[in-house]
Amino acid sequence: MGKSWGARRAPTVGLAITLIIAAALHGCFCATAPGLRLLTGGKKAAAGAGGTLGHSAVFTVNGNVYPLGYYSVSINIGNPPKAFELDIDTGSDLTWVQCDAPCTGCTKPRQSLYKPNNNLIPCGHNLCSSIHSTGKINCPEPSEQCDYEVEYADHGSSLGVLVADSFPLRLINGSFLSTRLGFGCGYDQKNPITGTPPTAGVLGLGSGKASIVTQLKNMGLFQNVIGHCFSGQVGGYLFLGNYLVPSSGVSWTPMLQTVSEKHYSAGPAELLFGGKHTGLNGLQLIFDSGSSYTYFNSVVYKSTLDMIKKDLNGKLKDAPEEKALSVCWKGAKPVKSLQDVKNHFKPLALSFTRSKNVQLLVPPENYLIVTKSGNVCLGILNGGEVGLGNLNVIGDIFMQDKLIIYDNEKRQIGWISSNCNKLHNLVEGEYNKEICQRYAVNLGILEEQQCPSSWTY
């Protein structure tokens, strides 16, 4: 599951569906990466963290559902560090960046590409085998490079080689942590929808062993917890680690065990329409920040569309000329904002039947978009038309203005309504000095007045 470049400007989905690893498919780049023991060991002293399991790193997020169609974050890699804008993708494991090498589909200027420097991960390393679906790779010589090929559900793909390099992270208390992590250096990218990847790569945050946060956990540096808060307007924030999880108010539901053990799946759930039962039960749902829109299987999609159209009852007319999404409507005059038409639509909700009174509420503004031409379109798409079969994928549009938490330690997914332009973890009357550091304030995600005036920075 995962990255959906095409969902930015066309109705596609991103789930990483295949990941193939092989040795020396395209010739050797360079020598084996030094210091690879840090990828699997608990070298806290070497990483300079010294017992930071309770810490988190927080990043500002760029992007929106429409018109950009993606959310991204700037990540520093290398020494000296270089910033790369990466798509935030909880639907796939492998982080990769466009590689400064003979490159196909790498449209960034050369100074914006990642340059490998004698830091290849060999195919005999456990990280190479961990991202192969069967755990078996073609590795005649353990010292040979580890090549990867990942294909996403929208038929985009990346081909490249695994490398290891420094990831300098600034923690929420203002201190720095730098450690070597494994990722992909991609030299052959394909994006059949738009042809041009808008970012420099993908930040893979799935639950598998190749995920950045899993690697940090295996080194004893972070708890394996991820949170993202995507604004319905623009921006938001992302955090790694458990330190910023709200102490109360979060709705939690257990993660389901999936075949790949890499996707964030929950359920079963029932779809509610206008607060009423629909009979659409037993839905298993994958939370995928790499998909801009939500995808229901064909049966659920058709039923949902029928209910919405019946409830509209001619209040808006069909707009087949609109190309932004497959189902759109128009009013007597161009729609300026969802506030103009939201009263014509009922809220949806997903009620998780194995979790008492746990619902994911989806108001109209979380399943509709207003296009540049002033039409309103349905941000729920037919997964059957893009080869998802019976899968149901919760995309960014459903997750807007909510803090979504993937707690791999407790195997649960949580959410809470939030102003995604500001950190949510400050419960009224409670303050934590570490998140009132100048760093968080300067990020623009924590209002300075939220911190007691008696505390200095």
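How many disulfides does a search of the whole structure find? The search finds 5 disulfides, a disulfide being a pair of cysteine sulfur atoms within 2.5 Å. This is a predicted model, in which local features need pLDDT of at least 70 and side-chain atom pairs count only at pLDDT 80 or more, while totals for chains, interfaces and linings use all residues. Residues are numbered from 1 along each chain as its sequence is written, and side-chain values use heavy atoms, with hydrogens and water left out.

**The chain as a whole**

- The chain has 6 helices and 26 strands; helices (H or I, at least four residues) and strands (E, at least two) are DSSP runs, numbered from the N terminus.
- Of the 457 residues in the chain, 58% are buried. Buried means under 20% relative accessible area, exposed means over 50%, and partly exposed lies in between (1.4 Å probe, protein chains only).
- The accessible surface of the chain is about 18300 Å², and 49% of this surface belongs to carbon and sulfur atoms. Such areas come from the Shrake-Rupley method with a 1.4 Å probe, and for residues only the protein chains shown count as cover.
- Among contacts between residues at least 6 apart in sequence, 70% join residues at least 24 apart. Contact means heavy atoms within 4.5 Å.

**Disulfides**

- Cys-103 is joined to Cys-106 by a disulfide with an S to S distance of 1.7 Å. Cys-103 is partly exposed because its relative accessibility is 29%, whereas Cys-106 counts as buried at 16%.
- Cys-128 and Cys-146 form another disulfide, with sulfur atoms 2.0 Å apart. The link of Cys-128 and Cys-146 is right-handed, with 85° about the S-S bond.
- Cys-128 is buried at 0% relative accessibility, and Cys-146 is buried at 0%.
- In the disulfide of Cys-229 and Cys-420, the sulfur atoms are 2.1 Å apart. The torsion about the S-S bond of Cys-229 and Cys-420 is about -70°, so this disulfide is left-handed.
- Cys-229 is in strand E10 (residues 225-230) and Cys-420 is in the loop between E26 and helix H6 (438-443), so the pair ties together parts 191 residues apart in sequence. Cys-229 is buried, with a relative accessible area of 0%, and Cys-420 is buried, with 1%.

**Aromatic pairs**

- A pair of aromatic rings is described by the distance of the centres and the angle of the planes. Rings of Phe, Tyr and Trp (its six-membered ring) pair if their centres lie within 6.5 Å; planes under 30 degrees apart count as stacked, over 60 as edge-to-face and the rest as tilted.
- The structure holds 10 aromatic pairs. One of them is the stacked pair of Phe-287 and Trp-415, with 6.1 Å from centre to centre and 20° between the planes.
- This pair links distant parts of the chain, 128 residues apart: Phe-287 is in strand E15 (residues 283-287) and Trp-415 in strand E26 (residues 412-417). Phe-287 is buried at 0% relative accessibility, and Trp-415 is buried at 4%.
- The ring centres of Phe-296 and Phe-398 are 6.2 Å apart and the planes stand at 75°, so the pair is edge-to-face. Phe-296 lies in strand E16 (residues 294-296) and Phe-398 in helix H5 (residues 396-399), 102 residues apart.
- Phe-296 counts as buried at 0% relative accessibility, and Phe-398 counts as buried at 0%.
- Phe-84, Tyr-114, Phe-167 and Phe-183 form one aromatic cluster.

**Nonpolar cores**

- A nonpolar core is a set of buried Ala, Val, Leu, Ile, Met, Phe, Trp, Tyr and Cys residues joined through side-chain atoms within 4.5 Å.
- The largest nonpolar core has 94 residues, and those with the most contacts inside it include Phe-287, Trp-329 and Phe-398.
- Leaving aside neighbours within four places in sequence, Phe-398 is in contact with residues including Phe-296, Leu-350, Tyr-367 and Ile-380.
- Another core, of 15 residues, lies apart from the largest one; among its residues are Ile-121, Leu-127, Ala-164 and Val-202.

**A four-stranded sheet**

- An open sheet of 4 strands has the order E17-E18-E22-E21, and the pairing is antiparallel. Two strands pair if DSSP finds at least two bridges between them.
- Strand E17 (317-318) and strand E21 (368-370) are the edge strands, each pairing on one side only.
- Strand E18 (residues 328-330) and strand E22 (residues 376-378) run antiparallel and are joined by 2 bridges. Cys-328 stands opposite Cys-377 in E22.
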